Amino acid sequence: MSFFNNMKIGRRLGLGFGSQMLLIAIILCIGIYNVTMIGATVEQIVQVVSRKAELTSIISSAIDNVYLDMVEMLSNPDPRQVGENKRRIDSKRAEYKKAMDELEKLESFDEGKKLIVTLQGKISQARDGNNLVLELALAGKQDKAAVRYYEGVKSARDEVLKSIEELSLYQHKRFIVRFQEAASYIGTTRTELLVAGLLAMFLSIALGIATTLSITRPINQGVKFVNRMAGGDLTQTLDLQQNDELGDLAAALNRMGSNLRQMFGEMTAGVQTLSSSATELSTISQQMTSSAEHSSARAHSVATAAEEMSASMASVAGAMDHATSNIGSVAAATEEMTSTISEVARSSDKARVITGQAVIQAGEITRQVVDLGRAAREIGKVTETIAAISAQTNLLALNATIEAARAGAAGKGFTVVASEIKELAQQTAIATEGIREKIENIQASTRGTVEDIERISGVIQEVSEMITATAVAIEEQSVVTKDIATNIAQAAYGIHEVNDNVAQTSRVSESIAHEITEANQAAGEIATSSAQVMMSSGELARLAEQLGVTAKRFKI
């Protein structure tokens, strides 16, 4: 049976039809052979047996005519009539001799041959007696001829007729035998055709059942397998050990089930990865939001400090203007030098205090700006992490698109999901690139601000040193009055530089305040982008949950 199942379906059907054709050919050959035998028997009955009966009848009739003519010769002594009877007798003798020869040729059985030989012997004996009677009759001795006829020829005639009757009975018996043989052939043919027909029908039914079962049983197993797979059970396999087209179909179905199990296993792992990535992305977005808020607060503090520094610079500028007018007063009225020097000393001391505060505030601004740069670098790391997550998400969407393409019609829904994930990843990458560019701008502005503040701190330090030197000079002027003009010139020159530096410091502080405002706006944009990323991560988490529910419908 396994050999039959391993045959190709075409060969299997060909074997069934070929077997039926062979059985039909056998039945046809048996029928033709038996019909031929029946035909031969019937032909022998018609041509041989009938001919032998006809010849026997001819012989019997000819012999009867011979004796009738002899009796007529005995009753009518007319020489002409006797001569006529003699001619008829010779003709009849030739006739039965010819029939006897043909009958002897047709007879093929020993019994018939013996009867023919016996008949020939009796005819020969009767002919000898008849010839003697004929001679007497031809000689005109009818009386002696009649005596001879009734004494010897009649008994010979009876023996001949008896032999002819025995031959006729034998031929009739042979006719019956031949008829029975023909009937036997007919019965045998009927029986053989019935047996061959039943055998052919049985073999055809057996081959039909075997062929049908060998085809329908694997097909039913395949239908059950596909129905269970359609119900979500991907753990099963179709055990069909056949090397025909149905075996190839079972192997293809098993490969399809294996590929589906692998695909859904990878999809489950991808869903878990997507869920963890969404959670991580949400955490990072929260950290970005917190960092952005902290940066915004620091930027606000720096902006406030810059405004205070600008106000301080304005105060310093006012003080420098006041010092300049005092020095003018000293140049105009040397008699008021003492009081003017005292006023300058107080102003110098106040300027020294203000420049000290400016130095402290510049240091605080420097630290805040450095903190801002550090926070910007931390935000840059966060954006790098977001970019990596976006690349991973994009790669995951690409893999999901490939797997959905492999799944064909069953993966259309997953293709839509993969497209949404890919578009979200691209939006996240674009937003992250914008954040990175703004953070780089903040870092560049911060570095410039630090350098400007360092220069301002240097200038303020120089101003402080100048103011200190001016105070010392004024104190020296109060001791040594002859150096007043020189010291006043130096003070005027120093105050002029202080005014220039204070003006530059005021402009730098305004630039710092502007850059800090932009940094604050960038921090707000970062916070907005972080909120968008948080929303996207929430959507990714929900999508991962939906994919997980879909994957759990299938047993792998």
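Start with the whole chain on screen. Among contacts between residues at least 6 apart in sequence, 83% join residues at least 24 apart. Keep in mind that this is a predicted model.

**The overall view**

Colour by secondary structure. The protein has 9 helices and 0 strands. Read along the sequence, the pattern is α-α-α-α-α-α-α-α-α. Of the 556 residues, 38% count as buried.

**Stop 1: helix α2**

Select residues 9-75, which make up helix α2. Zoom to Arg-51 and Glu-54, and show their side chains. They meet in a salt bridge, at 3.2 Å from N to O. Both residues lie in α2, 3 residues apart, about one turn of the helix. Here is the general rule: an α-helix has 3.6 residues a turn, so residues three or four places apart point the same way.

How exposed is each partner? Glu-54 is partly exposed, with a relative accessible area of 43%. Arg-51 is partly exposed too, at 25%. Both values fall in the band between 20% and 50%, which is why the term "partly exposed" applies.

**Stop 2: helix α3**

Move on to residues 79-106, helix α3. Select Glu-84 and Arg-88. Their side chains form a salt bridge at 3.8 Å, N to O. They sit 4 residues apart in α3, about one turn of the helix. Glu-84 counts as partly exposed, at 30% relative accessibility. Arg-88 is also partly exposed, at 29%.

Stay in α3 and select Lys-86 and Asp-90. They form a salt bridge, and the closest N and O atoms are 2.9 Å apart. This pair too is 4 residues apart within α3, about one turn of the helix. Lys-86 is partly exposed, with a relative accessible area of 24%. Asp-90 is partly exposed at 34%.

**Stop 3: helix α4**

Select residues 110-138. This is helix α4, with 29 residues. Then click Gly-140, which follows α4. Its phi is positive, near 85°.

**Stop 4: helix α5, end to end**

Select residues 142-230. Helix α5 has 89 residues, and at 1.5 Å a residue they should span 132 Å. The end C-alpha atoms are 123 Å apart, which agrees. Where does α5 bend? Look at Tyr-149, where the helix bends by about 45°. Now go to the other end. Just after α5, Gly-232 takes a positive phi of about 110°.

**Stop 5**

Select Gln-171 in helix α5. Is this residue buried or exposed? Gln-171 counts as buried, at 4% relative accessibility. That label applies because buried means under 20% relative accessible area. Now show what surrounds Gln-171. Leaving aside neighbours within four places in sequence, Gln-171 is in contact with Val-49, Lys-52, Ala-53, Thr-56 and Leu-103.

Then slide along to Met-201, also found in helix α5. Met-201 is partly exposed, with a relative accessible area of 47%.

**Stop 5: helix α6**

Finish at residues 245-332, helix α6, and select Leu-260 there. Leu-260 is partly exposed, with a relative accessible area of 21%. What does Leu-260 touch? Not counting residues up to four places away in sequence, Leu-260 touches Met-229 and Leu-234. Leu-260 and Thr-235 are 25 residues apart in sequence. In space, their C-alpha atoms are 9.9 Å apart.

How values were computed
Residues numbered from 1 in each chain as written. Predicted model: local features only at pLDDT ≥ 70, side-chain atom pairs only at ≥ 80, totals over all residues. Heavy atoms only, no water. Helix = DSSP H or I, 4+ residues; strand = E, 2+ residues; numbered from the N terminus. Expected span 1.5 Å × (residues − 1). Bend = angle between axes of the 7 residues up to and from the residue. Buried < 20%, exposed > 50% of the residue type's maximum accessible area, 1.4 Å probe, protein only. Salt bridge = Lys/Arg side-chain N within 4 Å of Asp/Glu carboxyl O. Contact = heavy atoms within 4.5 Å.
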